[in-house]
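Reader: Could you take me on a close look at one part of this model, the place where the two chains meet? I would enjoy a connected account that also shows how that part sits in the rest of the structure.

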Number of protein chains: 2
Amino acid sequence: MGERVLPRAERRRRTEGRILDAARALFAEVGYERATIRAIARSAEVDPALVMQYFGSKQELFQQSVRVTAVDTATGTETDADTGTGAEDLVERLLGTLGAKMGEMPQGSLAMMRSMLTHPEAATSARQVLGAQIDRLTESIHGEDARLRAALIMTVMVGVTVGNQLLELDELRGVPPEEIARLLRPSLRALTGPDVS
Amino acid sequence: MGERVLPRAERRRRTEGRILDAARALFAEVGYERATIRAIARSAEVDPALVMQYFGSKQELFQQSVRVTAVDTATGTETDADTGTGAEDLVERLLGTLGAKMGEMPQGSLAMMRSMLTHPEAATSARQVLGAQIDRLTESIHGEDARLRAALIMTVMVGVTVGNQLLELDELRGVPPEEIARLLRPSLRALTGPDVS
């Protein structure tokens with residue numbers, strides 16, 4: 001086979017991936033504030049200017065990093081696994097992610113969750129990712145308060161994750177995810193509203 | 001009237017109050033880690049040894065400080081306002097505190113919430129306060145999974161507070177507490193279980 005020149009788009013994709021890996025590792029290790037663009041660039045072996053060119057800002061870079069880790073784990077929606085669009089499917093999809101939320105979370109994801117709850121810029125990223133998920137939930141819920149209901153559903157998932165992962169409540173420790181799902185199911189269904197399609 | 005010598009117990013109560021005020025202010029201002037016993041004592045104008053004698057440890061002092069601020073606001077149970085013990089009363093009591101959770105929270109309470117979510121020792125305090133509230137909730141719920149249900153109810157309240165106060169979700173901003181209560185009520189009732197007394 002030998003070496004061949006990669007198309008420009010493919011090269012860029014790889015470089016972006018390397019920067020994201022470096023960013024994820026550093027955000028997780030030292031937190032949002034202390035992870036500088038310069039340090040991330042050094043770790044990814046690229047020029048800091050390239051990081052800015054590709055991602056625009058540290059906040060955007062953080063947001064791209066968390067998109068696939070902490071927020072998804074905390075809220076439990078996968079961005080592309082659409083197996084159904086009704087409110088019941090949606091509740092089951094959320095409950096199906098309790099395993100990840102109740103299990104041992106990588107230190108990196110925990111560090112990112114902490115950053116999102118304590119650092120305003122990181123909170124902005126979390127809010128944007130959550131907002132996109134609330135958008136999707138809203139589509140499955142009827143009524144004029146659909147968006148508020150969707151937001152409350154997300155806060156329930158955030159609460160369970162925070163209670164388990166950050167507060168480490170004894171009551172939740174070691175409880176099988178199916179057991180949590182059994183108790184939360186009626187509660188989340190109540191939030192999707194009475195007029196379920 | 002003139003000055004008179006206060007009874008010993010009353011003097012101690014006042015000194016403890018002064019220490020707690022200083023602790024609350026300092027924890028809120030600089031966070032758990034940087035608020036030292038020495039600095040708190042200096043601010044309260046007492047000897048650091050006295051702080052240790054009265055409170056035993058910084059963690060205990062933090063716990064006493066948050067007992068009346070962040071955790072109660074976050075979870076919404078008041079420690080002595082027992083107006084009823086049934087599960088429905090309990091849900092109403094929790095919903096009744098949404099006003100405080102949805103409104104503007106003092107910066108100090110926010111700082112303490114952040115400490116509890118990011119600092120292990122502060123999390124221990126939060127866990128203990130939450131544990132006591134879960135104890136009380138458990139008494140109003142029936143069935144062998146009462147304690148787990150109670151814990152999940154607390155996590156819902158924590159989630160709403162975190163979503164509103166720390167993540168500042170647009171969807172929750174400016175929504176009247178009564179509206180949130182209306183949507184959460186069936187959800188919390190579902191968590192208290194079917195066998196309500």
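**Where chain B meets chain A**

Author: Happy to. Please keep in mind that this is a predicted model. Setting aside neighbours within four places in sequence, B:Phe27 has contacts with B:Tyr32, B:Ala35, B:Phe62, B:Ser65, B:Ala111, B:Met112 and B:Ser115. B:Phe27 also has a place in the largest nonpolar core, which holds 104 residues. Within that core, the residues that touch the most other members are A:Phe27, A:Ile153, B:Phe27 and B:Ile153. As general background, nonpolar side chains tend to be buried together in soluble globular proteins.

Now to the meeting place itself. On the chain B side, 36 residues are in contact with 36 residues of chain A. Four elements of chain B give two or more residues each to this side: helix H8 (107-118), helix H9 (120-140), helix H10 (146-166) and helix H11 (177-192). The greatest share comes from H10(B), which gives 13 residues. By class, the chain B side divides into 22 nonpolar, six polar and eight charged residues.

How are the two copies placed relative to each other?

While you are looking at H10 of chain B, follow the chain into the loop between H10 and H11, where you will find B:Glu168. B:Glu168 has a positive phi, near 50°, and is a residue other than glycine. For background, most residues other than glycine have a negative phi. B:Glu168 counts as partly exposed because 14 other C-beta atoms lie within 10 Å, between the limits of 12 or fewer for exposed and 20 or more for buried.

Chain A has 11 helices and zero strands. Of its 197 residues, 43% count as buried. Among contacts in chain A with a separation of 6 or more, 71% join residues 24 or more positions apart.

Chain A is divided into domain 1 (8-56) and domain 2 (68-192). Their contact takes six residues from domain 1 of chain A and nine residues from domain 2 of chain A. On the domain 1 side, these are three nonpolar, one polar and two charged residues.

In an unreviewed entry, UniProt lists residues 36-55 of chain A as "DNA-binding region". Over residues 36-55, chain A is 80% helix and 0% strand, with the end C-alpha atoms 13 Å apart. The loop between helix H2 (37-44) and helix H3 (48-55) of chain A holds A:Glu45. A:Glu45 has a positive phi of about 60°, although it is not a glycine. A:Glu45 counts as exposed because it has 10 C-beta neighbours inside 10 Å.

Note on methods
Residues are numbered from 1 along each chain as its sequence is written. Chains are lettered from A and ligands numbered from 1 in the order in which they are written. This is a predicted model: local features need pLDDT of at least 70, side-chain atom pairs count only at pLDDT 80 or more; totals for chains, interfaces and linings use all residues. A nonpolar core is a set of buried Ala, Val, Leu, Ile, Met, Phe, Trp, Tyr and Cys residues joined through C-beta atoms within 7 Å. Two residues are in contact if their C-beta atoms, placed from the backbone, lie within 7 Å. Domain bounds come from an automatic or database domain assignment. Ala, Val, Leu, Ile, Met, Phe, Trp, Tyr, Cys and Pro count as nonpolar, Asp, Glu, Lys and Arg as charged, and the others, Gly among them, as polar. UniProt positions are given in the numbering used here, feature names are shortened, and annotations may be inferred rather than shown by experiment.
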